[in-house]
Amino acid sequence: MIWETVRLAIQAIFRNALRSILTVLGIVIGVAAVIAMVTVGQGSSDQVTADVEKLGTNVLMVLPGAGRMGPGNNSVSAALEMRDIKALIDQLSSVRTAAPYNQTTLNAVYGTEDTRTSVAGTDARYLDVVDWPVVLGRSFLPTEENSGRAVCIIGETVRQELFGNTNPVGETVRLKNVACDVIGLLEAKGASSFGTDQDDIVLMPIKAFQRRVTGSTDISMIYVAASESVSTDRAVVDIEMLMRERRRIGDGEEDDFNVRDMKQLASMLTGITNVLTGLLSAVAAVSLLVGGIGIMNIMLVSVTERTREIGIRLAVGATANQVLLQFLVEAIVLSMIGGIVGILLGLGLAAVAANIMVIPFSPNPAIVAIAFLFSAAVGVIFGYFPARRAARMDPIEALRHQ
Amino acid sequence: MADDTPVIDLRDVTKIYGHGEAEVRAMDGVNLTVAPGEFVALMGPSGSGKSTAMNMIGCLDSPTSGDYLFNGVHVGALDQTQRALLRRNYLGFVFQGFNLLARTSALDNVELPLIYKGLPAAERREQALDALDKVGLKGREHHDPSELSGGQQQRVAIARALVGDPQLILADEPTGNLDTKRSLEIMELLDKLNADEKITIVMVTHEEDMAAFAHRVIWMVDGRVERSGSHDEVFNHERRGS
């Protein structure tokens, strides 16, 4: 009997194809939105994790300034120095290597082309820490690092902006008022998990950067690669102890620097992504609710329109419960069809978005199952009232209805 | 159930719609019995209560006072579901406007009562084809109502009434929408079902010619049975009296 009812429901749905499509549109959009949100959110979470793994989980950053990450930190603390880097490498076995990293934003000019880009002062060890190969030309030589000569290695985006596809090595780029010889091109990395273009960068030796760009000898950040043989947690503790000693911080006083580990950063980013995904999904879920109300609306119209049909069914011996079941099943089948279409549409949208955003396409079977069950539940909840109205019809009135 | 138990036994049945000023006595103390195998025509002017009586007999309505016994069973004591089961198993309806489901083949229309009976598909199909054959629509099983003439649509409706093997067929102005030739064909079909299948038939009509097919004519006025007898008795009296 139930299979028969489902068959009848499908018949009734296809008999009024246009109305059925309009009815389920709300469900389709709601489910598609939830599925797309969650799938894209999952994809960007996965991307963050993958990025961090690619960058190396053994990468640490040392920054001046106390406290946690985030705004509201106004305490002035001493900058880092080149000597700190030397001490970290020389004195700690848990540190494999380290590099300074100062960054600013400048216009880079070549001929008539110009582009606004990130300019960082660092040294050859940075490329080692973050495992970033130079694909054309070469890295910095020790002599260049020591002499403060203005040379630079550029990222793929900067090359495209200034040189197109031609070889930039040997050309001269002007940064602010510094003429800088291009000695290398970095491998293309794509967007970071922050969404910023990692290839939009110009690297200079730290000394040249300090002298010619910022005019100060401060180091604003140190990149550290922990030794493969020790845990990063161990390395963090070692670095903190050494830095406290070097900066003469007494017992009980708070650090005026902090050491960040990429895993922390990753979990923070994943956390943000999850909160955003949750919020957007909640909004999408509201549209599912609206879709459900749409189903109820149309089912009520349908019940009124089919009054005569209901009268006929009652006259030929349908019980009120059979009529109730028929309309209820119709609403459920309708919203489940909406759910399936919505799932397919949502996955499709997520796949396209993943492709555009260059993140992995990570469909979550659990969410798909939940969305499907939810759409069926919408059918039950919002189909019940119209179905009950159909079942309670007076057959005489119903048959007289024109 | 003894053979002499009437199929229909209305005892002092009154049906009142509305209250106070708007009160309408659609049936006012109706006594009426119909024996198994009878073919009865229910007649009377508009508003005489014949449609209300028909709904009452069809277990679609219940009396305000008085009793209705169907095969000796008090219908008034049955709940909605039990009345639906009674309609399903003992009654067949034929309406003036055919009341077929639109965009649904003749076969599916005829199968409808059997679906509610819970018959398996193969059996349903067999019985529905059989019923369509009996009403002379073999070969039209897959036509939609819109592809059939009025006479053919009414035949489909009769097949639908017939398919559940009912004891009683209730026909409410079955020829009201048909021309004379089709009307006579439908009446011949009903007459044949009455004679061959021993189905009791109660028919509402306002056409004398159609009432002539019935064994007995019941003439209602103002919610009461005014006369009951053979066609000639009733109509000769009508002509003399009014």
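Author: Start with Cys59(B). Its relative accessible area is 0%, so Cys59(B) is buried. Keep in mind that this is a predicted model.

A disulfide is a covalent bond between the sulfur atoms of two cysteines. Cys152(A) is in no disulfide. The nearest cysteine sulfur belongs to Cys180(A), and it lies 3.4 Å away.

Next, the nonpolar cores. In soluble globular proteins, nonpolar side chains tend to be buried together. Here the largest nonpolar core has 73 residues. Ile8(B), Leu10(B), Ile57(B) and Leu168(B) have the most contacts inside it. Helix H11 of chain A, residues 320-357, gives the most to this core: twelve residues.

Leave out residues up to four places away in sequence. Leu10(B) then touches Met27(B), Val30(B), Asn31(B) and Leu32(B), among others. The list also includes Met56(B), Ile57(B), Asp67(B) and Tyr68(B). A second core is separate and has 42 residues. Among them are Val156(B), Ile158(B), Ala171(B) and Ile199(B).

Stay in chain B for a moment. Ala211(B) sits in helix H7, residues 208-211. Its relative accessible area is 0%, so Ala211(B) is buried. Which residues does Ala211(B) touch, beyond those up to four places away in sequence? They are Ala41(B), Met43(B), Met203(B), Thr205(B), Val217(B) and His231(B). Take Ala41(B). Ala211(B) and Ala41(B) are 170 residues apart in sequence. In space, they are 5.6 Å apart, C-alpha to C-alpha.

Over to chain A. Thr115(A) belongs to strand S4, residues 113-122. With 9% relative accessibility, Thr115(A) counts as buried. Thr115(A) touches Leu106(A), Asn107(A), Ala108(A), Glu161(A) and Leu162(A), again leaving out residues up to four places away.

Now the place where the two chains meet. There, 26 residues of chain A are in contact with 25 residues of chain B. Between them, the chains bury about 2100 Å². Carbon and sulfur atoms carry 58% of that area. Which kinds of contact cross this interface? The rule finds zero salt bridges. For polar contacts, it finds seven residue pairs, with both residues at pLDDT 80 or more.

H10(A) gives the most, with six residues.

Finish with H10(A). Eight of its nine residues are buried, so H10(A) is largely enclosed by the rest of the structure. The buried residues are Thr307(A), Glu309(A), Ile310(A), Gly311(A), Ile312(A), Arg313(A), Leu314(A) and Ala315(A). After H10(A) comes Gly317(A), and its phi is positive, near 110°.

Conventions
Residues numbered from 1 in each chain as written. Chains lettered and ligands numbered in written order. Predicted model: local features only at pLDDT ≥ 70, side-chain atom pairs only at ≥ 80, totals over all residues. Heavy atoms only, no water. Core = buried A, V, L, I, M, F, W, Y, C linked by side-chain atoms within 4.5 Å. Buried < 20%, exposed > 50% of the residue type's maximum accessible area, 1.4 Å probe, protein only. Helix = DSSP H or I, 4+ residues; strand = E, 2+ residues; numbered from the N terminus. Contact = heavy atoms within 4.5 Å. Disulfide = S-S within 2.5 Å. Buried area = accessible area lost by both parts, 1.4 Å probe. Salt bridge = Lys/Arg side-chain N within 4 Å of Asp/Glu carboxyl O. Polar contact = N/O pair within 3.5 Å; in protein donor to acceptor, adjacent residues only side chain to side chain.
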